[in-house]
Amino acid sequence: MSRIAIMGDTHLLMSFHEKYDKFVEFSRFIEQVQADEPISIALLGDFVDKRQSLQGRLITWGEGSEYQVKIEKMIESTNINWYAMNGNHDDERVYPSIEKATPNFKVVAITKKGENGSNIEPVEIGNINAWFAPIPHDAAAQVTKEAFQELARRKSIFTKNTKPHVLFLHINMIHRGQDTGIDDDILDIVASNFDRVINAHEHVYGVHKKKKNVIYMPASFPTWVVKDRGFVKKYAFKDGTLQETSKFRNPFGYLLLDDETLEVEFKQFPPAMANVEVIYDVTSASISQVRGDWQTIAEDIHHELVASGKFNNMLILPVLTGTIEPAISFTFNNDVAAVFNAFTNIYVHAFVPDENLVQPSYSIDKLRNERLPTRETAFQNTKDQVADIVKKLGEKQIDVNPENIIDIISKIENIGTAFFIEKSKSLNAAKYIGGVIENILPELNRTFDSSIEMASIDPVLGLAMKAKSNKKGE
Ligand SMILES: [Mn+2]
């Protein structure tokens, strides 16, 4: 028996994390694949990736050329044939360019604008007829249906040999929302005609629930950090402790297809860095609470997944739930990053909201409808500060005329009321709050001979003021 290795979705130039070297990873990956002694490699697209990395910068053409030479050397060193089809992320010029420089790299399919990808003939690899169909990944259902019908027709008139037929695709097959995915009746056009259908692009290994000969290919190794996609483990932080909500899983690797039995084996590849998700209820959390909790989280995950030797590096995705206060929302990523700075092999990604996270916004409409909570906060803060000043002045036995204070407080209210009566749509809330405070501050300072600055009022209002002064500077 012989086996064909099936791989793709490496997204080589897309950065998963600055500390994750995809080329070191790719060479380790190839070593593992070679140890399985496949007779050849089917590369199903999204190999190099022309897009800008999500976290990093766009590489230059010069760097790209250097990387390409590296890639070509790695491919050539395998000494087996590669059969390649592009994916939606590849620049289709890269494949022919690699082919020119690499004797064992053969481009078998490239998507072409205006074509549905069914105008193909199979390639014989070992004991199979391999059909690489470059159907656009996001083609309309009707286009995919026509492509499938044409592929089924071509297969039905095929008489060259009696080898089994395997169809390779790189398309949206799983339903995720309204406009993606293939309905079962359309999928059946190829599922009932081909012995195996193997689809890349989904980044997850799986066998179709009803059509057992349809198989989803895993991504070779981590590419991006997206909630619910590609994590190795999930936790929830509850009652001060980290609790597992999913068992450890490794979704990365490649497939080995037996060219006689057509059995498909998912071979896992353990990446040097992977990501875990931590759901965190941020309701009523203070900044010091956030720091303390995340110190615990970092220590626990480091202990369990890094110090234990499971991974060299670990990337954590905070998934926030509950109600986040604006002040926490502004500083959360910085506070948590400060915690993780103290660790060498564990990193943290910017937070993402879960579907229940409530983020009070400064939308002027929202402020109007919700009885102006932020305006009230502004009043309360200012009143508190006035009280504090009065107290301090009292301690120094300096007399304060309470009328002046009343005057100031009512001025704040008047400004606010006038603004909201006007219901101006052109003003944003940050400007408004900044304006209120800015207007009363000089008088406040004059009356009490104080020198309160905006920044001391509170972080949110400070930021509001910053937004205001940035606006001025434009
Ligand atoms: Mn893709």
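Colleague: What are the ground rules for numbering and confidence?

Modeller: Residues count from 1 along each chain as its sequence is written. The model is predicted, so local features need pLDDT of at least 70 and side-chain atom pairs pLDDT 80 or more, while totals for chains, interfaces and linings use all residues.

Colleague: Why is α4 called roughly parallel to α5?

Modeller: The axes of helix α4 (residues 141-156) and helix α5 (residues 184-191) cross at roughly 20 degrees and come within 8 Å. Axes are lines fitted to C-alpha atoms, for helices over the stretch in contact, with angles from 0 to 180 degrees between N-to-C directions. Angles under 35 degrees count as roughly parallel, so α4 is roughly parallel to α5.

Colleague: Which residues of α4 and α5 meet?

Modeller: In α4 they include Phe148 and Leu151, and in α5 they are Ile186, Ile189 and Val190. Contact requires C-beta atoms, placed from the backbone, within 7 Å.

Colleague: What makes β1 and β2 a pair?

Modeller: Two strands pair if DSSP finds at least two bridges between them. Strand β1 (residues 3-7) and strand β2 (residues 40-43) have 4 bridges, in the parallel sense, so they pair. Ile4 stands opposite Ser40 in β2.

Colleague: In what order do the strands of the open sheet run?

Modeller: The order is β4-β3-β2-β1-β13-β14, with mixed pairing. The edge strands, β4 (105-109) and β14 (264-268), each pair on one side only.

Terms used: Helix = DSSP H or I, 4+ residues; strand = E, 2+ residues; numbered from the N terminus. Parallel < 35°, antiparallel > 145°, perpendicular 65-115°, else oblique. Contact = placed C-beta atoms within 7 Å.
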